[in-house]
Amino acid sequence: MSNTKNTSDSQESQQSSRKPQRSQASQTSQESQKSHSSHEPRRPKPMEVLREARAQLAELTGMTAESVSSFEQTEEGWVLEVEVLELERVPDTMSLMASYQVELDAEGQLTGYRRARRYERGRADSRGGR
């Protein structure tokens, strides 16, 4: 009988030694990441902001953003100028484009937009590069 008891004791000891043990350093690192992330919201990367701004503008206006011609980080968040196809015509060079100024908060959520100008796709800027 004592043989059976020893066998079960050794099995328990083997099972406990097989369990992965987290080091104290990794626990401390994970705790500091949790506390850091819970206090400050994560600021999105510029490419995330660009993608999200285009998607949000398209959802609101129903028009697809073709390009982003201006991108700037501000104290409040982000300001972008997005080029949108407003009216498709044939030939394509006669299509009407619009430039929208899009404002986003620090987390990348759209807070406002306005159409800054409207122009034909094939026309050069007459307002000094703007």
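1. Helices (H or I, at least four residues) and strands (E, at least two) are DSSP runs, numbered from the N terminus.

2. On the basis of the model, residues are numbered from 1 along each chain as its sequence is written, and side-chain values use heavy atoms, with hydrogens and water left out. Since this is a predicted model, local features need pLDDT of at least 70 and side-chain atom pairs count only at pLDDT 80 or more, while totals for chains, interfaces and linings use all residues.

3. As an outline, the chain holds three helices and four strands, and along the sequence they follow the pattern α-α-α-β-β-β-β. Of its 130 residues, 25% count as buried. Contacts, meaning heavy atoms within 4.5 Å, can also be sorted by separation: among those in the chain between residues at least 6 apart in sequence, 40% join residues at least 24 apart.

4. Helix H3 itself has 16 residues and reaches 22 Å from its first C-alpha to its last, close to the 22 Å expected at 1.5 Å a residue, where the expected span is 1.5 Å times one less than the number of residues. Its buried residues are Val49, Leu50, Ala53, Gln56 and Leu57. These residues lie on the same side of H3 because they cover an arc of only 140° around the axis, the arc being that of the directions from the helix axis to the C-beta atoms. On the other side of H3, Arg51 and Glu59 are exposed.

5. The placing of H3 (residues 46-61) against the strands is also described: the helix lies across E1, E2, E3 and E4 and runs at about 130° to E1. For such angles, axes are lines fitted to C-alpha atoms, for helices over the stretch in contact, and the values run from 0 to 180 degrees between N-to-C directions.

6. Just after H3, Gly62 takes a positive phi of about 80°, and this residue lies in the loop between H3 and E1. Gly62 counts as exposed because its relative accessible area is 66%. Although Gly62 and Glu86 are 24 residues apart in sequence, their C-alpha atoms are 9.5 Å apart in space.

7. The four strands form an open sheet in the order E1-E2-E3-E4, with antiparallel pairing, where two strands pair if DSSP finds at least two bridges between them. Strand E1 (65-73) and strand E4 (110-120) are the edge strands, each pairing on one side only. Neighbouring strands of this sheet are turned by 20° against each other on average, direction ignored.

8. Taking the pairs in turn, seven bridges join E1 to E2, and Glu72 has Val79 in E2 as its bridge partner. E2 and E3 are joined by ten bridges, with Val84 standing opposite Ala98 in E3. E3 and E4 pair over nine bridges; Met97 is partnered by Tyr119 in E4, and Ser99 by Arg117 in E4.

9. E3 and E4 form a hairpin with four residues between them, and Gly108 in the turn has a positive phi of about 95°. Seven of the ten residues of E3 are buried, so this strand is largely enclosed by the rest of the structure.

10. The loop between E2 and E3 deserves a separate look. Pro91 lies in this loop, and a cis peptide bond, with omega about 0°, joins Val90 and Pro91. Ser95 is found in the loop between strand E2 (77-87) and strand E3 (96-105).

11. Is Ser95 buried or exposed? Ser95 counts as buried because its relative accessibility is 0%. The side chain of Ser95 reaches the backbone nitrogen of Arg89 at 3.0 Å. Leaving aside neighbours within four places in sequence, Ser95 is in contact with Leu85, Leu87, Glu88, Arg89, Tyr119, Glu120 and Arg121.

How values were computed:
Buried < 20%, exposed > 50% of the residue type's maximum accessible area, 1.4 Å probe, protein only. Polar contact = N/O pair within 3.5 Å; in protein donor to acceptor, adjacent residues only side chain to side chain.
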